[in-house]
Each structure stands twice: as C-alpha cells, then as structure tokens.
Amino acid sequence: MKVFITKPIAERGMEIFKRAKLDVTVWKQKKVLSQEELIKKLQKYDAAICIGKYKLDESFFSQCSHLKAVSLLSVGYDNVDVEAAKKWNIPVGNTPGVLSKATADVAFLLMQMVARKAVFGYRKIVEGNWRETYPLEDLGVDLEGKTLGILGLGRIGFEMAKKCQRAFSMNVIYHNRHRNEEAEKELGAKKVSFDKLLKTSDILSLHVALTPETKNLFDYSAFEKMKPTSIFINTSRGGVVDEKALTTALKKKIIWGAGLDVTNPEPMKPNNPLLKMETVAVLPHIGSATFETRNEMSRLAAENIAAVLLGKKMPNQIKN
Ligand code: DGY
C-alpha cells in the first residue's frame, strides 16, 4: 500500500508507517504542489496526508475517489467538505487534543506581548530608538484580576482559561453553543451571550472553528461593542475576523490591542498596517509548532492512515 505526504512530518509518524510496512513517499521540495499537481500525483497512491492549503472538496474527492484514507496534520478542517468525503466514502482524519496546550500557550503569549507592547519595545531597540526612559512612556496594562472572555470553550479555550486563571487570577466568561460544565466547575467560568462576551471581556480570545456561521463574525459592529481597553486575541482562523474592520477599530481606539497567530490571508503581507501598530503582535501561525506537539500530530495523522490501510477504523475521523 502506498502513502503520499505533501510535506515532511516528524519522526514519530514516520516510524508508524515503517512498522506498518507501508510504502511512503514524502514531497520534500520547497516548491509546494498545486491542487492540480497533487490530484495528479495521488492517482498512484492509496492514501495521503495532505498538509497545506489544499481544498478537499467535491472536485478533489471525485478525482481521487480511489483513495482509501486521507489525513490532515491539523485539528482545524475548514478546508474539508465533510459531506463530499462522506459521499465518496473516503474517511478523512484530523489531529485533535495533542495541540491544545501548545496553541493555548501561543494565545497566552500573544496576550502578554500585547499587554506590555513587547513587539513595539523590541522594535524600538533594533531601530536605535531606545534612549531615555520616561515614567509615562511605553506603558502597558496589568492582566491581574481581569475578565477573560473565551469564544469557543473547547479543548484549546479551556487550556487558555486555565493558564489565565492560574497566572493572573482572571474571571472567566465564555460563549459556546453548549455549556462546558467542567470549566464551570473547575474555573467558575460563566456562560454568557455573545453580546455580553463582547461588552464585558478585558481580554477576548477566539477558539472557534471557521464555519459559515463564524466567517467574518468579528466585523466592525462586533468591535464597537468591545471595551476601549480590551485586548483581542485570535489563534483560531483568520477568516473569523474582518481584518479591515479590526485595523479600523485599532486605529480609532475602539479596542486597545490585538494579538494574532492567524491572519486572512496567510501569509500576511509585510506591508500590512497592523504590523506597524504599537499594541499589536502578529505571529506566523505557530500555534502547534513545538517539537513535542508536531511529533504527536504526526503520530495521530499516521495512525489515521495506517489504521484504515490495515483494515481498522480510523481513530480520529472527522464527522460533522
Ligand atoms: C490546527 O491544527 O488547526 C492549527 O491551526 C494548525 O493548522
């Protein structure tokens, strides 16, 4: 059985393929395959790990209907048409759970970078502008005792809430489709309406999937409801935010600052005005990028493929 992987993955995943005696080809070239090139290549393979911006839609599955299994190397699956996968009877897997802590770490990092204007301070040094220190310059905001609002209190949101409560004794409020009783019990988290979340949060951290319901959910009218002192953090998907509206909200001081690990589009253009703002920190989608986490993600992705090729059920099959 032959497996194609669109980018090199960590050792743990490769070992699983070796043990399962599967014939694996890894696309190692820096030139990323186009959607058409990938579909052409896959004609000779039984399964694939698709890493990158590929659209796993009706057209993909209809042209690759021979595939026995596909896995992503991510928890997010907004690039997958789950109904089409079901229609063509191709199990598609993701890598949930193992990246929750690492991604929450990045949300926590961004929150602190924004609160203390870390990027601005660093830039001041490298640009040779660190001269005198003035008592009323370079001031950030305290995080102790603030209200953290979580949109989407799932695994990653829960980890972020735990960190914020332990480190800064924050009150936690959240908005979700369902109640998170564990978080309510463990953290005293309170479920509130979306409007109340916007109006009450000092730090608002997004942990929702990109779906038709959440696309551009953060438009100008949403930012207008937030506190002028608030910090907006996004480590979920750039598409949840109307980036122009965010830029305007920051320029007009409708909100205080923003930390983004995800942008729309990705990569963000180097001349994006957000990159010049004092109270903004942007990272290049590194939420899950630690050695440990990528190793675990490679294990889950490989297990998704190996299980099916060895006649078992895919352990982390995406189902809507
Ligand atoms: C995920 O797993 O969805 C992360 O955002 C990496 O893409």
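How many helices and strands are there in the chain? This predicted model has 12 helices and 12 strands. The C-alpha trace spans about 65 × 50 × 35 Å along its principal axes. A compact globule of 320 residues would have a radius of gyration near 20 Å, and the chain agrees with this, at 21 Å.

Of the 320 residues, 49% count as buried. The chain exposes about 16,600 Å², of which carbon and sulfur atoms supply 53%. Among contacts with a separation of 6 or more, 64% are between residues 24 or more positions apart.

Charge is the next topic. The chain carries 50 positive and 36 negative charges, and their mean positions are 3 Å apart. Side chains of opposite charge can pair when their charged atoms come close. The structure holds 17 salt bridges.

One of these joins Asp46 and Lys68, with 3.5 Å from N to O. Asp46 is in the loop between α2 and β3, while Lys68 is in the loop between α3 and β4, 22 residues apart. Asp46 is buried, at 18% relative accessible area, and Lys68 is partly exposed, at 36%.

Another salt bridge pairs Arg237 with Asp78, the closest N and O atoms being 2.9 Å apart. Arg237 lies in the loop between β10 and α11 and Asp78 in the loop between β4 and α4, so 159 residues separate the two. Asp78 is partly exposed, with a relative accessible area of 38%.

Glu159 is buried, at 12% relative accessible area, whereas Lys101 is exposed, at 52%. Salt bridges also link Arg12, Glu296, Arg299 and Glu303 in a network.

How values were computed
Residues are numbered from 1 along each chain as its sequence is written. This is a predicted model: local features need pLDDT of at least 70, side-chain atom pairs count only at pLDDT 80 or more; totals for chains, interfaces and linings use all residues. Side-chain values use heavy atoms; hydrogens and water are left out. Helices (H or I, at least four residues) and strands (E, at least two) are DSSP runs, numbered from the N terminus. The radius of gyration is taken over C-alpha atoms; the globule rule is 2.2 Å times the number of residues to the power 0.38. Buried means under 20% relative accessible area, exposed over 50%, partly exposed in between (1.4 Å probe, protein chains only). Contact means heavy atoms within 4.5 Å. Accessible areas come from the Shrake-Rupley method with a 1.4 Å probe; for residues, only the protein chains shown count as cover. Lys and Arg count as positive and Asp and Glu as negative; His and the chain ends are not counted. The place of a charge is taken as NZ of Lys, CZ of Arg, CG of Asp or CD of Glu. A salt bridge is a side-chain nitrogen of Lys or Arg within 4 Å of a carboxyl oxygen of Asp or Glu.
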